[in-house]
Amino acid sequence: MELLTGRPENSEGRLQREIRTYDYLDKLGIEYQRTDHEPADNMEACNEIDKILGVIICKNLFLCNRQKTKFYLLMMPGDKKFKTKELSSQINSARLSFATPEDMLKYLDIEPGAVSIMGLMNDKDHAVQLLIDEDVLEGEYIGCHPCVCTSSLKIKTKDIIDTFLPAVGHEYETVHLVGED
């Protein structure tokens with residue numbers, strides 16, 4: 001793995017959703033660094049990716065209420081534990097659970113393992129509410145996937161908040177997660 005600046009020179013063998021992500025970021029003038037890798041299925045692999053990027057990749061969880069009438073994308077530090085009860089009380093939504101892979105595809109055009117804030121560019125109906133843990137907002141950079149789990153990006157937090165989110169028509173709600181037992 002190596003840290004590269006911008007999009008891949010060759011798009012051969014890459015999924016269209018990944019190329020669309022680079023096209024969108026380039027159109028917005030957002031600079032990013034990238035590394036390509038195998039899907040990370042354990043913490044050691046994630047730590048290696050973080051080391052290359054020089055940033056901790058956010059844990060991105062795609063959640064819904066029991067009735068499946070509200071969907072949420074939660075961004076939190078990867079080292080925090082997620083507690084449903086802790087979040088539910090802050091957003092006034094009882095019975096949060098993980099949304100299905102079918103819902104990920106439907107709303108974000110993302111598959112499990114690649115959930116990312118970049119998927120909001122595919123949420124044209126604004127069905128997904130973005131929730132960001134306050135600790136993520138304090139970092140200079142955000143690490144995320146370009147809608148696939150075989151590449152990771154490093155983008156300035158300011159560019160995500162001030163440029164990307166307005167462009168995709170999404171606002172965010174700040175949440176405070178302790179994540180301790």
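Visitor: Why is Leu4 called partly exposed?

Guide: Its relative accessibility is 26%. Buried means under 20%, and exposed means over 50%. Leu4 falls in between, so it counts as partly exposed. This is a predicted model, and the value is computed from it.

Visitor: Where does Leu4 lie, and what does Leu4 touch?

Guide: Leu4 sits in strand β1. Leaving aside residues up to four places away in sequence, Leu4 touches Tyr32, Gln33 and Arg34. Its bridge partner in β2 is Arg34.

Visitor: What makes β1 and β2 a pair?

Guide: Two strands pair if there are at least two bridges between them. β1 and β2 (residues 33-36) have two bridges, in the antiparallel sense. That meets the cut-off, so they count as paired.

Visitor: Which strands stand at the edges of the open sheet, and why?

Guide: The sheet has four strands in the order β1-β2-β8-β7, with antiparallel pairing. β1 (4-5) and β7 each have a single partner strand, so one side of each has no neighbour in the sheet. That puts β1 and β7 at the edges.

Visitor: Which helices lie across this sheet's strands?

Guide: α1 lies across β2 and β8, running at about 15 degrees to β8. α6 lies across β7 and β8, running at about 80 degrees to β8.

Visitor: How do you describe the packing of α1 and α6?

Guide: Two packed helices are described by the angle between their axes and the distance between the axes. For α1 (residues 16-28) and α6 (residues 157-168), the angle is about 115 degrees and the axes are 11 Å apart. The crossing is right-handed. Tyr24, Leu25 and Leu28 of α1 make the contact with Thr163, Phe164, Ala167 and Val168 of α6.

Visitor: How many residues of the contact of α1 with α6 are nonpolar, polar or charged?

Guide: Six are nonpolar, one is polar and none is charged.

Visitor: What does Phe164 touch?

Guide: Not counting residues up to four places away in sequence, Phe164 touches Tyr24, Leu25, Leu28, Ile30, Ile117, Met118, Met121 and Asp159.

Visitor: Which residues touch the most other members of the largest nonpolar core?

Guide: Ile117 and Phe164 do, in a core of 37 residues. Several elements supply at least two residues each, including α1, β3 (59-64), β4 (71-76) and α6. α6 gives the most, with five residues.

Visitor: Why is β4 described as largely enclosed?

Guide: Six of the six residues of β4 are buried, so the rest of the structure largely encloses this strand. The cut-off for buried is under 20% relative accessible area.

Visitor: Which residues of β4 lie on each of its faces?

Guide: In a regular strand the side chains alternate between the two faces of the sheet. On one side of β4 are Phe71, Leu73 and Met75. On the other are Tyr72, Leu74 and Met76. Both faces are covered.

Visitor: How do you know that β4 pairs with β3 and with β6?

Guide: The test is at least two bridges. β3 and β4 have six bridges, in the antiparallel sense. β4 and β6 have five bridges, in the parallel sense. There, Met75 has Ile132 of β6 as its bridge partner. Both pairings therefore pass the test.

Visitor: What lies between β3 and β4 in their hairpin?

Guide: Six residues do. Lys68 in the turn has a positive phi of about 60 degrees.

Definitions and conventions. Residues are numbered from 1 along each chain as its sequence is written. This is a predicted model: local features need pLDDT of at least 70, side-chain atom pairs count only at pLDDT 80 or more; totals for chains, interfaces and linings use all residues. Side-chain values use heavy atoms; hydrogens and water are left out. Axes are lines fitted to C-alpha atoms, for helices over the stretch in contact, and angles run from 0 to 180 degrees between N-to-C directions. A crossing is left-handed if the near helix is turned anticlockwise from the far one by less than a right angle, and right-handed if clockwise. Contact means heavy atoms within 4.5 Å. Ala, Val, Leu, Ile, Met, Phe, Trp, Tyr, Cys and Pro count as nonpolar, Asp, Glu, Lys and Arg as charged, and the others, Gly among them, as polar. A nonpolar core is a set of buried Ala, Val, Leu, Ile, Met, Phe, Trp, Tyr and Cys residues joined through side-chain atoms within 4.5 Å. Buried means under 20% relative accessible area, exposed over 50%, partly exposed in between (1.4 Å probe, protein chains only).
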